[in-house]
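Please walk me through this model in the viewer, one selection at a time. Say what to pick and what is found there.

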Amino acid sequence: MAKRKPSVKKHTKTLENKPPIFAFLKTKQAQTIFGFFLISFSVFLCIAFISFFFNWQEDQSTLDQLTNRAVKSSNLLGKIGANLSHFFIYKGFGIASFIIAIQLFLMGLDVLFKRKLSKIILAWNWSLVAMVLISISLGFLHVKFALLSGIVGFEINQYLQDFIGKTGLAIALIFLFAAYIVVRYKVTFDLFIEKLKQKRAAKEQEESLIVEENISNAKEDEKTIEKEKTNEVVKKTVEETSEDKEKSNFEKSVIDLKPTISKHSDVETKKEELTLTVAHEPEANIEETVEDLNDVGIDVAIGREEESSTQNLSDKLVKDFGEFDPTLELANFKFPTFNLLKQYNETISIDPEELEANKDRIVETLKNYKIGIAEIKATVGPTITLYEIVPEAGIRISKIKNLEDDIALSLSALGIRIIAPIPGKGTIGIEVPNKKSTIVSMHSVISSKKFQESPMELPVALGKTISNETFVVDLAKMPHLLMAGATGQGKSVGLNAVLTSLLYKKHPAEVKFILVDPKKVELTLFNKIERHYLAKLPDVEEAIITDTTKVVHTLNSLCIEMDNRYDLLKAAMVRNIKEYNAKFKARKLNPNDGHQFLPYIVLVIDEFADLIMTAGKEVETPIARLAQLARAIGIHLIVATQRPSVNVITGIIKANFPARIAFRVTSKIDSRTILDAGGADQLIGRGDLLYTAGNDINRIQCAFVDTPEVEKITDFIGSQKAYSEAFLLPEYVDDESGTTVDIDIADRDKLFRDAAEIIVTAQQGSASLLQRKLKLGYNRAGRLIDQLEAAGIVGGFEGSKARQVLVPDFVALDQLLENEKKV
Ligand SMILES: Nc1ncnc2c1ncn2[C@@H]1O[C@H](COP(=O)(O)OP(=O)(O)OP(=O)(O)O)[C@@H](O)[C@H]1O
């Protein structure tokens, strides 16, 4: 407000010096009157023009008799209307004269809304050119009816035809129209091609989505029918057993078997509502601001002017080329279809007698410990049934908790787990395995709406919960996952389920995997998708890493990638990869400064214990570092191990892996090492797992995906167009080999001297600096740094810190290089 006042004063001061009439013309009232005059006049012209087309022949004789009141005109707007129309349409530009009327209307609006004069003049120029072009074209197309083109169009047409002939004029007109569109609407050929490509890609994706949707709908329908059937079975049993209610009020829950579809539709409506509210907000804001300004009485035109000048380069780029699309290079990439996955009979059928027997055993066992039951409820899952018990009033939960082991022993069945109390509820849970377990197929979890419509960054469909709901978690939020389980309990299947989920949801441009497989057999199938989804070190043949030294190199290289990414994030002034990529897509980051779209990197290590045994600290240090720091920059680790002992999963690793999956383990101690709680030793194996993300523990039946299915998926992806090579990680040279490379002066990079000067000037030996200044790729910059190290210009590798620069200035640099030549 303080700033506004003086400008108002100044305004009035200048007006005071002018004559009153002049001052009035400059006032807002005069402008409003002028604006309305222009709009009225344009309407007047339009009506006159339209009427002229119907009456022009009758009115011919009245044209010269403007002042003779005895002569009447048939034009709706009288003789003035007829004369004006005759002037513009007949003698002027024909039907194209309507452009004048339209332009007058727009100018009226411009004056009312106080647009800049220069913009109004520009709009007039474009309109006049369009009018002349249309008039000539109409003259060219329709020679006989002069009203279409007007005399101007007709004459110019004749004149030009005398020189360049009819065909020449046709070509010239087409060219002029094209040039008009290109210059006025900034249409370029590149843009046209890009739009075409995007349209085609979108269409193909839509088609594949429709196919997938159809398949998934069909499956959903099938499932609903199956579930309804199961509902009936369970309902019946409830009725049958109701007679036993006197003994105990046992009740079977059917919540789990409700068709999930109703829940999904809920989610959809919520989403829609959300978008609507968000969409309205900005409009309201704009209106408010304009009103505020009007109240103060300050010329709004000033604000508008600033607005147009703030339109920066990125907005313009986005306007011209659209948002950056990272998937463009593989725009035709098709996601694997559902039919590559096997389907199983997944109807949960549990024998009512089994339920009854289990209930009796539980009631009896608890009675032995003098624990009375007020209510018991069963939730049937794919592999286990959860019996929820409400103890009688006055019974302490801690009592049951203390008896946990005894109760488990009394029930004497494998896989019984007691949860006392169930978090968030006042009940006690006893999980008892079903005699006949149901396989949870990857097909059912992948095709579930929950997974398909999940907005997560890296969604992973792990399996199904005890209430038969698909369990989807976001790897990006975890942010790292520790997986443990004794041999043969479903770890490899679990890893494959995680990888498969990501393959079904993420484009090759969005996620890259680094696979470490010391067993050399588990992950080999993924070799087929090397150029789509895998990342590897440069100059390494096999993308899947099987030997320990390469693992060490890869982990260190990943640390460098992490540091580079942090540099990029810092330069872009964002906090995480999501914001960074959003900014990059909006073309706010210049690729010439080293910026690029960053894919998520998922590092999978199978048999971690093996690695720790062979490489120890060498592996542990970079893993711990990555685990601590990599979450913000999109590097996520999945570490699987058979032996979850404390010397493998050390404190530092554990602290940084809050998300953990435990398959069946052999001892309670192992369970405690992974989950910080018992329970994993009570699992039944075959994909039965416990998942925790730090707080509560969920029992999940892991989705089953076997090798032939993975093979089909990798074949499907592998047969499609790929990138020219796998995603390359930064080069890592370890300390021993570092100084021996590129000693030969003759082999040096052409940019060696420039690089040396940059490093000496900045007194900072980092590859990313060279990347930025010399506009190089990381590999070349890395090689230059190695050569500079070999020449003694920079010091050795110091982890994440920039290398030390050993040469203080240019004089010393010249001297050093001269000495080299002499040697
Ligand atoms: N989710 C599951 N559903 C049904 N069966 C499963 C599931 N997961 C694993 N199995 C069964 O268990 C067997 C062993 O699984 P898997 O190969 O994943 O074990 P593992 O823990 O990786 O063993 P190892 O550590 O020796 O490699 C599978 O062949 C399969 O028959």
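Q763 sits in the loop that runs between α27 (752–762) and α28 (767–774). Its backbone is worth a check: phi of Q763 is positive, about 50°, although the residue is not a glycine. Keep in mind throughout that this is a predicted model.

Next, select E607. Phi is positive here too, near 55°, and E607 is likewise a residue other than glycine. E607 belongs to the loop between β11 (600–605) and α21 (608–615). Is E607 buried or exposed? E607 is buried, because 21 other C-beta atoms lie within 10 Å and 20 or more are enough for that label.

Now zoom out to the whole chain. The protein has 823 residues, of which 35% count as buried. Its secondary structure amounts to 30 helices and 16 strands. Taking contacts between residues at least 6 apart in sequence, 68% join residues at least 24 apart.

Colour the largest nonpolar core, a set of 110 residues. Which of its residues touch the most other members? They are L462, L515, L534, V602, A662 and A703. The element that gives the most to this core is α19, with nine residues. Apart from this core lies another, of 22 residues, which includes L366, I376, L386 and I466.

Centre the view on A703. Leaving out residues up to four places away in sequence, A703 touches V440, S441, M442, V445, A461, L462, G463 and A497.

Then move to helix α20, residues 577–585. Its buried residues are I577, Y580, N581 and F584. Look down the axis of α20: these buried residues fall within an arc of 95°, so they line one face of the helix. What do the buried residues of α20 pack against? Their partner is α19, residues 548–572. Following α20, select R587, where phi is positive, near 60°.

The next stop is a peptide bond. Show M478 and P479, which are joined by a cis peptide bond with omega of about -10°. P479 is placed in the loop between β7 (470–474) and β8 (481–484).

Finish with an annotated stretch. In the unreviewed UniProt entry, the annotation "binding site" covers G485, A486, T487, G488, Q489, G490, K491 and S492. Take G485 from this set; its place is in the loop between β8 and α17 (491–505). G485 counts as buried because it has 30 C-beta neighbours inside 10 Å. To see its surroundings, display G490, K491, A662, F663, R664 and V665, with which G485 is in contact once neighbours within four places in sequence are set aside.

G488 is found in the loop between β8 and α17. Why does G488 count as exposed? The reason is its 12 C-beta neighbours inside 10 Å, since a residue with 12 or fewer is put in that class.

Methods. Residues numbered from 1 in each chain as written. Predicted model: local features only at pLDDT ≥ 70, side-chain atom pairs only at ≥ 80, totals over all residues. Helix = DSSP H or I, 4+ residues; strand = E, 2+ residues; numbered from the N terminus. Arc of directions from axis to C-beta. Contact = placed C-beta atoms within 7 Å. Core = buried A, V, L, I, M, F, W, Y, C linked by C-beta atoms within 7 Å. UniProt positions renumbered as here; feature names shortened; annotations may be inferred.
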